[in-house]
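Below is a predicted model.

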Amino acid sequence: MNFGRPLVNIGRLTVESVAGIGYAGMLLIESLYFAAVGWRVGQPLRIRSVFEQMRQIGVDALPIVTLLAMTIGIMLGIQFIAALSEFGAQSQVVVAVAKSVTREFGALITAILVAGRSGSALAARIGSMSVSQEVDALATMGIEPVRYLAAPALLAMLVMLPVLTVFADAVAIVGAALYSSPSLNVTPTAYLMQTMSLLSAGDLWQGISKAFVFAVLITLIGVSTGFSVTGGAEGVGRATTRSVVLSICYIIVADMIFSFFLNR
Amino acid sequence: MNTTPAPLIEVDKLEAWYGRRRILHGVDFNVNAGEIRVIMGGSGSGKSTLLRHLLGLHKPRSGTVKLLGVDIGKATEREMLEVCKQIGVSFQGGALLTSLSVGDNVALPLREHTNLDENTIRIMSRLKLEVVNLGGFQDLMPSQLSGGMIKRAALARAIVMDPKLLFFDEPSAGLDPVVSAELDELILRLRDALRMTIVVVTHELESAFKIADTITVLDQGSILMTGTVDAVRKADNERIQDLLNRRPREIQVDADAYLKRLTEEEAV
């Protein structure tokens, strides 16, 4: 019997994760369906709740995104100046910062931050609603819970995460400019002008397209862990933790895969 | 309108499973227009499961559930929505949305399902709050209400669309006797004033006998009997009398099964 145990567990985990991915996929399709044609089946998506979510996910995150992006920019400035000055290639700092921020760090840092702020909030909100039968109440009132709770969050995330990413790109580059222009003997303005001339639309697009994927990942993981909460307040806590850990793992893995294919 | 005597709820041979355990054994269940039906039963009798099936929250695995003539196992989204608009549900814990004020909670079904203007919606939801004696409380948040007020607010939300059919899950659970008696009065008033058909799930005998026209007694997933209050009181079924007289069950231990449960590695 004991031989079989690990095998049984592997099987169960596999089934559970496939079921989880299937459930998330279904949520995605349903959310998009309600967003597109919900009004025709009596389940209209409320623009007001989309804007409310956009405020919570995007606008409220601006201070912390600014702080972190600025820090990352300065950090990259420090590291690149230290590393590149060994080869006497200090002038390459500008292009190194510009490309790494727009292609990688802007999107990644923003996504991790939003996963921690809003992904967990989604899981906690929907989780506590399912525990207290609020989700059931919505369903019996003829209000599709997916339409009411998931679709606005998905749309808001799809708009706000790319916007936040572009914002973070800009702030990080400004941070790098402030730190490294003295050591490069240029003014910050000159640094920024040089950055602008070095960046191509493709660099920005790499970050933005990743942000779309991250937005879908964060929302689906938050919403699906929220809807599948069982076991009271403790279950809500567990789901919140789970949604943050899962989102960050998926974000980093998806980022790696994207970087691989976009840079071939 | 109610010239045709077709029942509002028709349940036919409903079976429900939870994993490998059978919760409902071929339940047949009809509720006619205008009656107050109480579903009574002890803990674990399957009454919550039956209610979840009646509300369409679970699709029946076998058997059919018809609400207002619509088979909810086969209904399209549209049909289901039409059914949902005509039923109201008051959940055990109230299930008010904690992010909305009491007034917004009550107005929610109107905002989602009608094109009424904001003034009308406000007046209608305040009217329903007056019906449940919560006039003036519309600006409070659900967390600021007491248990009895939450139940009454949930009732106001349940009746705001003037449903034909009202479900009430454990109206008196967790309330003091006075408040739960008031709720019972309220349920009776709703039936008389608004001509609603009401299904109440409860294990409180006193309140069940007070409000019921007919009582359905569930035990271990089967219906023991359905009848008027007097008929249930006089029933000679032992389990019903146990329930009525608060007698503990006599559990007969099967020695073999008992040993098996203790020793077997995989619990069945």
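Lining the largest pocket are 43 residues, and those nearest its centre are A:Asp136, B:Arg52, B:Gly56, B:Leu57 and B:His58. The space in this pocket comes to about 1,300 Å³. Several elements each supply at least two residues of the lining: from chain A, α1 (4–37), α4 (93–131), α5 (134–140) and α6 (145–184), and from chain B, β1 (9–18), α1 (47–54) and α2 (77–85).

The nonpolar cores come next. In soluble globular proteins, nonpolar side chains tend to be buried together. The largest nonpolar core here has 53 residues, and the members that touch the most others are A:Leu138, B:Ile9, B:Leu54 and B:Phe167. Which residues does B:Ile9 contact, leaving aside its neighbours within four places in sequence? They are B:Phe29, B:Asn30, B:Val31, B:Leu54, B:Lys66, B:Leu67, B:Leu165, B:Phe167 and B:Val199. Another core, of 46 residues, lies apart from the largest one and includes B:Ile150, B:Phe168, B:Ala208 and B:Leu244.

Chain B also holds an open sheet of 6 strands with mixed pairing, in the order β6-β7-β8-β3-β9-β10. Its edge strands, β6 (87–90) and β10 (222–228) of chain B, each pair on one side only. From one strand to the next, the twist averages 15 degrees. Within this sheet, strands β3 (residues 36–40) and β8 (residues 197–202) of chain B run parallel and are joined by 5 bridges. One bridge pairs B:Met40 with B:Thr202 in β8(B).

Definitions and conventions
Residues numbered from 1 in each chain as written. Chains lettered and ligands numbered in written order. Predicted model: local features only at pLDDT ≥ 70, side-chain atom pairs only at ≥ 80, totals over all residues. Heavy atoms only, no water. Pairing = 2+ DSSP bridges. Helix = DSSP H or I, 4+ residues; strand = E, 2+ residues; numbered from the N terminus. Axes fitted to C-alpha atoms, helices over the stretch in contact; angles between N-to-C directions. Core = buried A, V, L, I, M, F, W, Y, C linked by side-chain atoms within 4.5 Å. Buried < 20%, exposed > 50% of the residue type's maximum accessible area, 1.4 Å probe, protein only. Contact = heavy atoms within 4.5 Å. 1 Å grid on protein atoms, 1.4 Å probe; cavity = no way out; pocket = protein on both sides within 12 Å on 5 of 7 lines; lining within 4 Å. Points joined across faces, edges and corners; volume = space filled by probe spheres on them.
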